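Here are my notes on the model, point by point. Please read them with the structure open.

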Amino acid sequence: MIGTLSRVLSTLRYDVPASLVVFLIAVPLSLGISMASGAPLAAGLIAAMVGGIVAGALGGSAVQVSGPAAGLSLVVADLVQTYGWRATCMITLIAGAVQLVLGVFRAARAALAVSPAVIHGMLAGVGVVIALSQLHVVLGGRPQRSALANIVELPAQLADMHGHTVAVGLLTIAVLALWTRLPKRVKAVPAPLVALLVAGVTAWAFDWDVTRIDLSNAVTSWAFPVLPSGDWHRIVAAVLLVALLAGVESLLCSVAVDGMHDGPRTDLDQELSGQGVANMVSGALGGLPVAGVIVRSTANVQAGGRSRFSAILHGVWVVVFALGFGWTIKLIPMEALAALLVFIGVQMVNLGHVRKVHGHGEVPVYLVTMGAVLVLGLAEGVLAGLALAALLALRRLTWVTVKTRPEQDGRVHATISGSLTFLGVPRLTRELRAIPPGTAVDLDLNIDFMDNAAFEAIHSWRLNHERLGGSVDIDELHDEWYAMAASGTRLSRTKTPLRTPERWWLPWSHRHHRPTRHGGSAPGSPRPASVECQLTAGAREYHRRTAPLVRPIFTELARKQQPTHLFITCADSRVIPSLITASGPGDLFTVRNIGNLVPRRGAEPHDDSVVAAIEYATQVLGVHTITVCGHSGCGAMCGLLSGGVKAGSLPGMRRWLRHGYHSLATFIETADEPLDGGALDRLCKVNVQQQLENLRTYRKVDEQVRAGQLELVGLYFDISSARVHMLPPLPSTLSVKI
């Protein structure tokens with residue numbers, strides 16, 4: 001009990017100051033949003049109270065602060081003009097019930113599917129509309145019904161502006177603009193509060209002719225909401241619009257705020273349910289629609305708020321202020337509040353958001369949404385943005401990329417990537433028909449879907465190209481969409497994940513060979529080819545796929561080689577040095593021979609090939625390491641273990657294996673087990689260790705090893721397990737896995 005109380009008091013130590021900061025921001029912004037919405041000024045304060053207390057207590061975010069949102073002001077203004085204020089409150093109440101139901105059925109995640117470009121464009125459009133309308137109030141006039149009308153009337157308003165009202169507005173905007181440049185300690189006091197106080201005190205001191213705000217009995221005078229009358233289709237649309245816009249704005253705000261703190265993450269379904277209850281209460285009490293507000297939430301986090309108590313307390317402070325100190329609002333000029341809205345509206349056109357959507361190619365969605373909000377209205381603007389976002393997403397999903405490149409041997413390499421649907425057929429056929437007739441074409445299909453129209457386009461082009469004397473080799477890097485369609489196999493209806501081309505290290509026998517010519521082998525069957533044909537095809541594949549990737553590396557290596565390792569290993573085809581060491585071009589200076597043998601100095605039969613490589617690597621290239629790598633099941637060691645019987649018909653092999661006699665002798669001397677099935681692999685390991693000893697018979701090698709300039713390393717590759725083991729020097733035969 002004491003521990004719980006201590007934690008609560010520790011949290012409140014941060015939450016109480018944060019709640020006061022948010023409260024000082026919330027009061028002027030709530031009044032301004034009420035004014036922009038054409039609602040009673042007290043409606044903003046009611047929404048701030050409910051958003052803080054109800055949404056703060058029931059929502060799923062620990063630090064998000066809810067209240068009246070500027071993004072909904074255009075919707076509310078239109079509803080007030082169409083149905084009246086009390087009916088608008090009922091629409092807010094029903095919209096809250098819709099949000100509550102969506103939250104209960106866990107539909108919150110679906111709201112995140114809305115493109116942020118649409119939301120940012122909507123907010124930017126709303127900001128411009130608010131700024132244009134309230135600019136008329138600052139100039140001493142009245143706002144018009146639409147943004148276009150406000151623009152048309154602006155020149156006349158400028159010609160007929162009133163001195164005192166303009167002075168109050170300019171003073172408010174100047175304080176707001178300059179406050180952000182002051183020291184951090186001074187900026188701890190919210191700029192909107194300071195701007196309204198400065199404007200109010202100045203207007204009172206100089207007795208300027210301005211319009212005063214009056215909240216007399218506004219909070220306490222309450223009337224129950226009434227059902228709107230009119231076309232019920234439009235009413236349902238209005239309810240859904242308020243519910244969805246407020247819900248999406250709240251959820252996106254929650255996600256953004258989660259990135260600002262280290263506390264618990266938001267439960268989005270609980271947050272949507274909490275917002276629904278808050279809107280039901282706000283509508284019943286005569287308040288504006290409630291949503292999560294990024295300005296207040298950011299201020300809460302920056303002020304040190306740690307739990308939902310901060311949001312709840314901010315709502316409590318709004319209640320105390322409205323009931324006990326509401327008379328102080330009379331000091332605020334209406335024109336100062338309008339200037340605050342102009343400043344906020346301009347800030348809603350966020351260049352940071354523009355840069356973000358530009359990075360994802362969604363600027364058209366942003367601009368269309370903003371423009372449609374300005375010209376047509378909020379609902380129409382959002383629908384236009386969503387429609388364009390959907391079209392762009394469809395275009396990306398069905399976008400097909402066709403690249404063609406002539407090769408030096410006269411062949412043409414073409415690559416088709418993406419999702420092949422009927423939408424991409426015009427581009428597909430245009431690019432394929434541009435390939436000169438009679439040429440040999442290597443066509444790579446790296447696709448995740450192909451419909452019948454796309455298949456017919458490729459297949460018809462292929463038949464026509466081959467009829468005119470050309471050839472088409474099709475290699476499907478992904479699933480066999482073309483091969484299955486050509487064989488009449490029923491295709492999958494779903495897209496499959498794209499994958500990278502087959503790895504270079506796969507043996508030829510393990511790669512998928514597909515039919516390459518009309519009337520050729522059945523799909524999936526390996527095509528017959530000689531070794532020469534396999535090598536030629538491999539070289540062609542290297543030029544098509546790998547060469548463009550590694551060309552910059554080889555261009556640099558063309559000047560000189562600087563390997564750090566001499567790697568001596570067996571000629572066995574199963575040992576791939578670069579694969580088992582994860583090395584690349586220029587890393588290993590490699591010597592391969594039967595049995596990875598290193599002839600001792602002065603040994604017979606005389607052989608200089610390995611010695612030459614050792615001398616060049618150590619004295620010219622300056623390698624730091626010499627590695628001898630053996631492997632399991634080595635045929636050379638098998639011949640050595642049989643006493644040369646298995647190499648009887650290979651005289652050259654018998655002479656070469658004499659260099660392994662020291663390995664066999666060491667194996668016999670150190671053997672403590674009978675010659676069983678594991679004897680061969682034990683000899684393979686001892687052979688590696690013996691070759692390291694053979695290296696020390698060369699004076700230069702031994703001197704560098706003693707001086708610490710050269711390291712000798714023994715490796716053993718177990719083929720069956722694909723494991724590499726490091727072998728210690730003689731006399732130990734134990735190995736350590738690496």
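1. D702 and R706 sit four residues apart in helix α29, about one turn of the helix. Helices here are DSSP runs of H or I with at least four residues, strands are E runs of at least two, and both are numbered from the N terminus. The two side chains meet in a salt bridge, 2.8 Å from N to O. The rule for a salt bridge is a side-chain nitrogen of Lys or Arg within 4 Å of a carboxyl oxygen of Asp or Glu. D702 counts as buried because its relative accessibility is 16%. R706, at 65%, counts as exposed. Buried means under 20% relative accessible area, exposed over 50%, and partly exposed in between (1.4 Å probe, protein chains only).

2. A word on the source. This is a predicted model: local features need pLDDT of at least 70, side-chain atom pairs count only at pLDDT 80 or more, and totals for chains, interfaces and linings use all residues. Residues are numbered from 1 along each chain as its sequence is written, and side-chain values use heavy atoms, without hydrogens or water.

3. Helix α29 (residues 699-706) also holds E703 and R699, four residues apart and so separated by about one helical turn. They form a salt bridge, with the closest N and O atoms 3.1 Å apart. E703 is partly exposed at 40% relative accessibility. R699 is exposed at 54%.

4. How many salt bridges does the rule give? The count is eight. One of them pairs D473 with R411, the closest N and O atoms being 3.2 Å apart. D473 lies in strand β6 (residues 471-476) and R411 in the loop between β3 (400-406) and β4 (412-420), so the pair ties together parts 62 residues apart in sequence. Both D473 and R411 are buried.

5. Now look at S61, in the loop between α2 (41-58) and β1 (66-68). Is S61 buried or exposed? It counts as buried, because its relative accessibility is 3%. A polar atom of the S61 side chain lies 3.1 Å from the backbone nitrogen of Q64 and 3.5 Å from that of V63. S61 also touches T266, E271 and R308, leaving out residues up to four places away in sequence. Contact means heavy atoms within 4.5 Å.

6. L378 deserves a check too. Leaving aside neighbours within four places in sequence, L378 contacts residues including G71, M122, V126 and V373.

Notes. Polar contact = N/O pair within 3.5 Å; in protein donor to acceptor, adjacent residues only side chain to side chain.
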